[in-house]
Amino acid sequence: MKTSVKLIVKAYLKSRIRVIIVFGLFMMIFIVVHGLYHLPLEPIVYSMELIITLTVIFSSLDFIRFYKKHQVLSDLEKIISIDVNQLPKSGDLLESDYQTIIKDLAENRAELISQFDNRQTEMIDYYTLWAHQIKTPISAMGLLLQADEENNQQNRAYQQELFKIEQYVEMVLQYLRLESMSSDLTLIEYDLADLVKQAVKKYSIIFINKKISLDLKVENCRVVTDEKWLVFVLEQIISNALKYTNQGKILIYMDTQKEKTLIIEDTGVGIHAEDIQRIFDRGFTGYNGRMDKKSTGIGLYLCRQVLNKLSHSIMVTSQVGKGTQVRINLETQRFEAF
């Protein structure tokens, strides 16, 4: 923020107030002494002019030095990561002491940041490895359940719960990858219908077990996006629709009024009006999530973060007891810089 000259002058005078007071006292003593000895007026005036001229010169030089130092510090303020070595040269011992303290604090801060980054990297590496390793026993359990044809109804229930576990693991992986998402993007043109069908197929077992019908009408729409990340978003939205829909159907279709806008609509329990504005906040579960006691509050947060990075957008409208409508605008006006 640029400081006005008036404020700089005011700050300068305030910093030199003691010098100004002392100078004023000396001038008064000078005038009084000359007056007591009844010296001629001419030498007094000449002395006063000389003193004032020298004062103006030295004050101007001192103010310029003060102003330049202020400019250097103001420029440093605008830099996200301040290099303490760029601090202006100290003018006295106290200022040098302050700069030494600042440098010590900066070094301690840099060390703490380095330690935190190392711990964060180790934690991400560990959870990424864990998520990949846990997929092996999950897949094995799925194959065992498919091989066991006895008690089909019970097996389907087991498969459904196992599928949920797999989805939670996948969510963890995507959450960990979110920060480095830029290195994992492949932006090309896709047929939107193919991407939607991928997401729907993954949840076919849930559709069957819950007896929820699907009305899918997506055709003649091509979008520039990343296949893996957009399918992940679609899966999360379909998963939510299935979770909160106990009967009825899920509709997936294109908005006839707005180009390249996909609508996923359900006939579920709906979302309370006071929760709509916060459903994309990380960790927010809302009334339905608290009643369900299984909501993580991460799914929709991830959806918005991913769509923002893909230059897409998402909007949700809902009515309690009637259902929820999710609108995804897949136009690509700009891509976020990483």
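## Overall make-up

The predicted protein has eleven helices and seven strands, and buried residues account for 32% of its 338 residues. Among contacts between residues at least 6 apart in sequence, 67% join residues at least 24 apart. The accessible surface comes to about 22,600 Å², and carbon and sulfur atoms contribute 58% of that area.

## Salt bridges

Side chains of opposite charge can pair when their charged atoms come close. A search of the whole structure finds six salt bridges, including the one between Glu 189 and Arg 222, in which the closest N and O atoms are 3.1 Å apart. Because Glu 189 lies in strand E1 (residues 187–191) and Arg 222 in strand E3 (residues 222–226), this pair ties together parts that are 33 residues apart in sequence. Glu 189 is partly exposed at 46% relative accessibility, and Arg 222 is likewise partly exposed, with a relative accessible area of 41%.

Another of the salt bridges joins the side chains of Lys 202 and Glu 235, with an N to O distance of 3.4 Å. Lys 202 lies in helix H6 (residues 192–202) and Glu 235 in helix H8, so the pair links parts that are 33 residues apart in sequence. Lys 202 counts as partly exposed at 28% relative accessibility, whereas Glu 235 counts as buried at 8%. Salt bridges that share partners also join Arg 16, Asp 62 and Arg 65 into one network.

Apart from neighbours within four places in sequence, Glu 235 is in contact with Gln 167, Ala 199, Lys 202 and Tyr 203.

## A buried aspartate without a salt bridge

Asp 266 is found in strand E5 (residues 261–266). Asp 266 is buried yet has no salt bridge, and the nearest side chain of opposite charge, that of Lys 210, is 10 Å away. Since a salt bridge requires the nitrogen and the carboxyl oxygen to be within 4 Å, Lys 210 at 10 Å does not qualify as a partner for Asp 266.

A polar atom of the Asp 266 side chain does, however, lie 2.9 Å from the backbone nitrogen of Gly 268. When residues up to four places away in sequence are not counted, Asp 266 touches Ala 241, Thr 245, Lys 249, Ile 250, Lys 322, Gly 323 and Thr 324.

## Two lysines with positive phi

Lys 211 has a positive phi of about 60° although it is not a glycine, and Lys 260 has a positive phi of about 55°, again without being a glycine. Lys 211 is found in the loop between helix H7 (204–210) and strand E2 (213–217), while Lys 260 lies in the loop between strand E4 (249–254) and E5. With a relative accessible area of 73%, Lys 211 is exposed, whereas Lys 260 counts as partly exposed at 29% relative accessibility.

## A nonpolar surface patch

A nonpolar surface patch of about 1,200 Å² is made by a group of residues that includes Ile 17, Leu 25, Phe 26, Met 28, Tyr 37 and Leu 39. Met 28, one of these residues, is placed in helix H2 (residues 17–36) and counts as exposed at 53% relative accessibility.

Technical notes:
Residues are numbered from 1 along each chain as its sequence is written. This is a predicted model: local features need pLDDT of at least 70, side-chain atom pairs count only at pLDDT 80 or more; totals for chains, interfaces and linings use all residues. Side-chain values use heavy atoms; hydrogens and water are left out. Patches are made of residues with over 30% relative accessible area and no salt bridge: like charges are joined within 9 Å, nonpolar side chains (Val, Leu, Ile, Met, Phe, Trp, Tyr) within 5 Å. Accessible areas come from the Shrake-Rupley method with a 1.4 Å probe; for residues, only the protein chains shown count as cover. Helices (H or I, at least four residues) and strands (E, at least two) are DSSP runs, numbered from the N terminus. Buried means under 20% relative accessible area, exposed over 50%, partly exposed in between (1.4 Å probe, protein chains only). Contact means heavy atoms within 4.5 Å. Lys and Arg count as positive and Asp and Glu as negative; His and the chain ends are not counted. A polar contact is a pair of N or O atoms within 3.5 Å; within protein, one must be able to donate a hydrogen and the other to accept it, and residues adjacent in sequence count only if both atoms are side-chain atoms.
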